Amino acid sequence: MHGASRRSVGTLLLAVLLQACGPSESQSPAALGTPELRGALFDSILAWTADRAAFSPAKNAALGFDPLEAMASLRDEVVNADSEEALFYALLRLSNARRDRHLSVYLVPGGLTLVDEAGLPAWDREPPPAPTLAPIRIQPDYGQDGAAYFVADVAQGGDFPAGAPSLGDRIVSANGMSVAEYEAAAMPYIRHSSIVGFRWKLAEATTQNTALFPPELRGQGLTLEVESADGIRTEYALPFVDGADLEWTGWAEPSYPGFAQVWSTPTYDLFLPDDGRRLVLLRWHRFSASLIADVDRLMAFAQEERLLDRAVLFDATRSGGGSLGPYAVQRLQPRPFKTTFGTLQISDVIEPFVAERREAFRNRRVYDGEGPETVDDGTWLMDWLENEVLDDLAAGREVTDPVPFKSAHAPKDSDGILQPAPVHFRGPLVVLSGPNGGSHLDQFISIVGDNTLGPIIGMPPGGYSNTWEWEQILTYPGTDQPVVGFMWNIGHTIRPNGEILEGNPAQVTHPLP
């Protein structure tokens with residue numbers, strides 16, 4: 001749906017809803033509500049989504065769907081839900097119909113409750129309760145067409161009456177369904193912005209007793225049928241147990257023969273070769289709140305040990321997101337580069353969003369993270385929000401003009417070209433990439449790829465990144481009864497090549513499934 005038409009639809013629906021369910025009504029129904037209240041709630045969500053969401057045409061085309069149409073098709077499931085559990089999973093499917101890895105549905109105080117909440121986010125707790133695990137790990141086989149998975153690790157001490165499967169054995173079925181059927185049944189419950197990212201996260205979730213799946217998709221354990229290299233098929237009924245009781249072989253994790261670990265930080269582990277090869281290896285964990293301090297430590301060490309002429313091998317295959325990637329890029333390689341940009345969708349949440357950022361700025365917490373997310377102190381960001389963004393709102397614009405991402409590394413009028421830091425690695429930068437992560441990792445890969453800063457080996461990351469999300473506790477219209485927490489993607493990340501990043505990751509230079 002084009003921007004102008006979706007905005008008019010959203011505005012009209014909101015006006016009708018506000019008129020029909022005014023604030024004078026103060027009844028507090030049970031969390032399940034009534035069919036009429038659930039219908040009004042559904043219509044509100046759809047109208048807000050039409051108004052607020054930063055949809056990605058590239059992602060929609062790649063996945064072959066229209067987000068608003070996909071959401072609208074689920075109205076009956078929400079309206080006809082006959083239990084709190086059924087309503088929660090209907091709302092989860094409604095959220096996931098947008099195909100956006102960043103967007104979760106939260107449990108909130110006084111809202112919907114479930115018997116089992118393992119693995120589910122909640123408004124008032126972090127992290128969620130840990131799920132129990134099956135004594136096996138599986139991963140997607142991206143070298144095959146379509147749905148294909150294999151045994152990637154087997155825990156020591158697991159209960160395997162028929163003998164443990166071998167690493168590499170092919171998964172034939174899961175919980176009585178063929179792999180293709182299982183994928184189709186699980187897809188509405190796995191947040192994803194790309195198919196390769198979906199398959200990675202599905203493989204993780206399959207071996208966890210997580211409440212992200214409704215009861216009909218999981219039982220007291222995991223049943224898998226596997227096929228060995230010689231064609232023998234074996235079925236395993238695996239119990240879910242406490243993860244603390246499992247000892248893994250580690251086969252599924254990266255390893256570096258011939259390298260010695262020097263130290264570990266929340267941001268990366270540093271390895272150096274045993275044989276004097278002229279490279280530095282970084283196993284990257286995430287773009288953490290301590291990134292500046294962790295990268296500064298690396299640069300001081302490299303300068304002292306005369307390592308700055310070495311190549312940097314950056315293993316991002318198990319990396320998560322975060323922030324401050326351009327700070328690292330300025331130090332890990334020798335060339336100027338263009339950073340990512342970002343926009344905000346102009347909607348009904350812009351004024352409260354700017355107010356939230358203003359309060360965070362007063363408290364010296366420009367963002368919601370635990371540490372500094374910006375090289376600037378937030379002045380650049382607030383200048384843009386309180387001027388251009390509010391002016392765009394007053395003018396009735398659809399979306400802001402792009403500015404350097406969150407103004408973290410450059411002000412709003414910058415061309416986004418960043419120079420290498422005074423102390424930087426002068427050798428080649430080589431990146432290993434995979435679909436495990438995304439968000440700021442996707443931005444990092446796009447900076448390296450779009451600026452041709454070095455080869456990228458492996459697979460693209462998960463293909464999800466935006467500027468900000470808006471989170472809101474949903475209540476039934478006209479009441480104060482909370483239901484769940486719901487999120488919207490309210491701004492785009494713009495790659496250095498000018499394309500929207502969401503659902504459109506930078507491609508690798510050397511594909512390796």
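Mentor: Welcome! A charge sits over a ring if NZ of Lys or CZ of Arg is within 6 Å of the ring centre and within 35 degrees of the ring normal. Keep in mind as we go that this is a predicted model.

Trainee: Thanks! Which residue lies over the face of Trp-248?

Mentor: The distance to the centre of the Trp-248 ring is 4.0 Å, and the cut-off is within 6 Å. The residue lying over that face is Arg-137.

Trainee: And at what distance from the ring centre does Lys-338 lie over the face of Phe-341?

Mentor: Here the charge belongs to a Lys, and the ring is that of Phe-341. Lys-338 lies over the face of this ring, and its distance from the ring centre is 5.3 Å.

Trainee: Let's turn to ring pairs. How many aromatic pairs does the structure hold?

Mentor: Rings of Phe, Tyr and Trp pair if their centres lie within 6.5 Å. The number of aromatic pairs in the structure is 14.

Trainee: Why is the pair of Tyr-89 and Tyr-189 edge-to-face?

Mentor: The two ring centres are 6.1 Å apart. Planes over 60 degrees apart count as edge-to-face. The planes of Tyr-89 and Tyr-189 meet that cut-off because they stand at 80 degrees.

Trainee: How many residues apart are Tyr-89 and Tyr-189?

Mentor: Tyr-89 belongs to helix α6 (residues 84–96), while Tyr-189 is in the loop between α7 (179–186) and α8 (195–206). The pair links distant parts of the chain, and the separation is 100 residues.

Trainee: Is Tyr-189 buried or exposed?

Mentor: Buried means under 20% relative accessible area. For Tyr-189 the value is 8%, so the word is buried.

Trainee: Which parts of the chain does the pair of Phe-353 and Trp-468 tie together?

Mentor: This aromatic pair is edge-to-face, with 5.2 Å centre to centre and 65 degrees between the planes. Phe-353 is buried at 2% relative accessible area, and Trp-468 is buried at 7%. The two parts, 115 residues apart in sequence, are helix α11 (residues 350–362) and the loop between β17 (456–458) and β18 (469–475).

Trainee: Which strands stand at the edges of the open sheet of 7 strands?

Mentor: The order in this sheet is β8-β9-β10-β11-β16-β17-β21, and the pairing is mixed. An edge strand here has a single partner, so one side of it is left without a neighbour in the sheet. The edge strands are β8 (259–264) and β21 (510–511).

Trainee: Which residue in β9 is the bridge partner of Gln-261?

Mentor: β8 and strand β9 (residues 268–273) pair in the antiparallel sense over 5 bridges. Within β9, the bridge partner of Gln-261 is Phe-271.

Trainee: Which residue in the turn of the β5 and β6 hairpin has a positive phi?

Mentor: β5 and strand β6 (residues 233–239) are antiparallel, with 7 bridges, and Leu-224 stands opposite Tyr-236 in β6. The hairpin has 5 residues between its strands. The turn residue with a positive phi, about 90 degrees, is Gly-231.

Trainee: Last one: how many residues in the lining of the second largest pocket are nonpolar?

Mentor: This pocket has a volume of about 510 Å³. Of the 23 residues that line it, those closest to its centre include Trp-200 and Arg-318. The lining has 6 polar and 4 charged residues, and the nonpolar ones number 13.

Notes. Residues numbered from 1 in each chain as written. Predicted model: local features only at pLDDT ≥ 70, side-chain atom pairs only at ≥ 80, totals over all residues. Heavy atoms only, no water. Phe/Tyr/Trp six-rings, centres within 6.5 Å; stacked < 30°, edge-to-face > 60°. Helix = DSSP H or I, 4+ residues; strand = E, 2+ residues; numbered from the N terminus. Buried < 20%, exposed > 50% of the residue type's maximum accessible area, 1.4 Å probe, protein only. 1 Å grid on protein atoms, 1.4 Å probe; cavity = no way out; pocket = protein on both sides within 12 Å on 5 of 7 lines; lining within 4 Å. Points joined across faces, edges and corners; volume = space filled by probe spheres on them. Nonpolar A, V, L, I, M, F, W, Y, C, P; charged D, E, K, R; others polar. Pairing = 2+ DSSP bridges.
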